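Biologist: I have not looked at this one before. Can you put it up and take me through it?

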Amino acid sequence: MRIKIINPNTTWSMTEKIGACARAVARPGTEVIAVSPSMGPASIESHYDEALAVPGLLQEIARGEEDGVDGYVIACFGDPGLKAARELARGPVVGIAEAAMHMASMVGSRFSVVTTLGRTIGQAWHLTEIYGMERFCANVRACELPVLDLEAPAANACGHIIEECRRALAEDGCDAIVLGCAGMTDLCEHIRNTLGVPVIDGVTAATTLVESLVTLRLATSKHGELARPLPKPMAGALAGFTLAAPPG
């Protein structure tokens, strides 16, 4: 089985960390390929960043289809381009926010999301609505840490995240924590051991879910909304995204 994990930002040090954490939970025999697009933002912290990350993400999905990849993980907590990726891919595509929220709902009565910047809180709440997770989500909290500071030792990112998690457990009425950024994946086990409650990282959660879907021979339905996009001309900088008509 081959799973491609796409970090939609272009910070390769973060991508390497994401890949290592995914490989640590993958089954024997699963090949995990972790990539960043060749174009896009260094980090994704706004709607603007997210929109500009999607073309590079879809380019990586197209390459994965050429390489015979079995399934995909979108490793950004906004789950950018998820439905478009599902239209292109033959196998399953899972977003890390989607995976983490669903898994959290299975191990606790309510969860709080602890993310990076406050400006992304609205997007996280929006995803709880899309995924039907509002009744399980107690709160969305921010540490006010820029994404790239998660890799800066001087920022004490882990300490700030743990402090916000403690506040969530004390104030929100939650009994589980969802980490709201792919860049937090390597901190998950330490945070879980420190707090003594379920702490769910979307990268590892999505990796194991894609493995399960591939094992069950389940992929996105191509009947209706998520069928392959209709071929049509693309102009300008997007000319390379023009899709060929299906054979026959």
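Modeller: One term to begin with: a contact means heavy atoms within 4.5 Å. With that, residues 24 or more positions apart account for 69% of the contacts in the protein chain with a separation of 6 or more. Keep in mind that this is a predicted model.

Biologist: Fine. How many helices and strands are there in the protein chain?

Modeller: The protein chain has eight helices and eight strands.

Biologist: And the overall dimensions? What radius of gyration does the protein chain have?

Modeller: The radius of gyration is 18 Å, which agrees with the value near 18 Å for a compact globule with 248 residues. Along the principal axes, the C-alpha atoms fill a box of roughly 60 × 35 × 35 Å.

Biologist: How much of the chain counts as buried?

Modeller: Of the 248 residues, 53% count as buried. The accessible surface of the chain comes to about 11300 Å², and 56% of that surface belongs to carbon and sulfur atoms.

Biologist: What about charges? How far apart are the mean positions of the positive and negative ones?

Modeller: They are 6 Å apart, with 20 positive and 28 negative charges in the chain.

Biologist: How many salt bridges does a search of the whole structure find?

Modeller: The search finds 14 salt bridges. One of them joins Lys 83 and Glu 225, with the closest N and O atoms 3.5 Å apart. Lys 83 is in helix H3, residues 82–88, and Glu 225 is in the segment after H8, so this pair ties together parts that are 142 residues apart in sequence.

Biologist: Is Glu 225 buried or exposed?

Modeller: Glu 225 counts as exposed because its relative accessibility is 60%, and the cut-off for exposed is over 50%.

Biologist: Which residue does Glu 98 form a salt bridge with?

Modeller: Glu 98 pairs with Arg 86, and their closest N and O atoms are 2.9 Å apart. Glu 98 belongs to helix H4, residues 96–107, while Arg 86 belongs to helix H3, so the bridge ties together parts that are 12 residues apart in sequence.

Biologist: Why do Glu 98 and Arg 86 count as buried?

Modeller: Glu 98 has a relative accessible area of 15%, and Arg 86 has a relative accessibility of 15%. Buried means under 20%, so that value qualifies.

Biologist: Which side chain does Arg 141 meet in a salt bridge?

Modeller: The side chain of Glu 171, at 2.8 Å from N to O. This pair links distant parts of the chain, with Arg 141 in strand S6 (residues 137–142) and Glu 171 in helix H6 (residues 157–171), 30 residues apart. Arg 141 counts as buried at 10% relative accessibility, whereas Glu 171 counts as exposed at 55%.

Biologist: Which residues are linked with Arg 141 in a network of salt bridges?

Modeller: The network links Arg 141, Glu 163, Glu 164, Arg 167, Glu 171 and Asp 172.

Biologist: Changing topic: helix H8. Where does Thr 204 sit?

Modeller: Thr 204 is in helix H8, which covers residues 202–215. Thr 204 counts as buried, at 18% relative accessibility. Leaving out neighbours within four places in sequence, Thr 204 is in contact with Cys 21, Val 25 and Thr 185.

Biologist: And Leu 213, what does that one touch?

Modeller: Leu 213 lies in helix H8 as well. Not counting residues up to four places away in sequence, Leu 213 touches Pro 92, Val 94 and Leu 218. The C-alpha atoms of Leu 213 and Gly 91 are separated by 8.7 Å, and these two residues are 122 residues apart along the chain.

Biologist: How accessible is Leu 213?

Modeller: Leu 213 is partly exposed, with a relative accessible area of 27%.

Biologist: Last topic, the backbone. What is phi of Asn 156 near?

Modeller: Phi of Asn 156 is near 50°, a positive value in a residue other than glycine. Asn 156 lies in the loop between S6 and H6 and counts as partly exposed, at 46% relative accessibility.

Biologist: Where is Arg 217 found?

Modeller: Arg 217 is in the segment after H8. Its phi is near 60°, again positive in a residue other than glycine. Arg 217 counts as exposed, with 80% relative accessibility.

Technical notes: Residues numbered from 1 in each chain as written. Predicted model: local features only at pLDDT ≥ 70, side-chain atom pairs only at ≥ 80, totals over all residues. Heavy atoms only, no water. Helix = DSSP H or I, 4+ residues; strand = E, 2+ residues; numbered from the N terminus. Buried < 20%, exposed > 50% of the residue type's maximum accessible area, 1.4 Å probe, protein only. Rg over C-alpha atoms; globule rule 2.2 N^0.38 Å. Areas by Shrake-Rupley, 256 points an atom, 1.4 Å probe, with all protein chains shown as cover. Lys, Arg positive; Asp, Glu negative; His and termini not counted. Charge placed at Lys NZ, Arg CZ, Asp CG, Glu CD. Salt bridge = Lys/Arg side-chain N within 4 Å of Asp/Glu carboxyl O.
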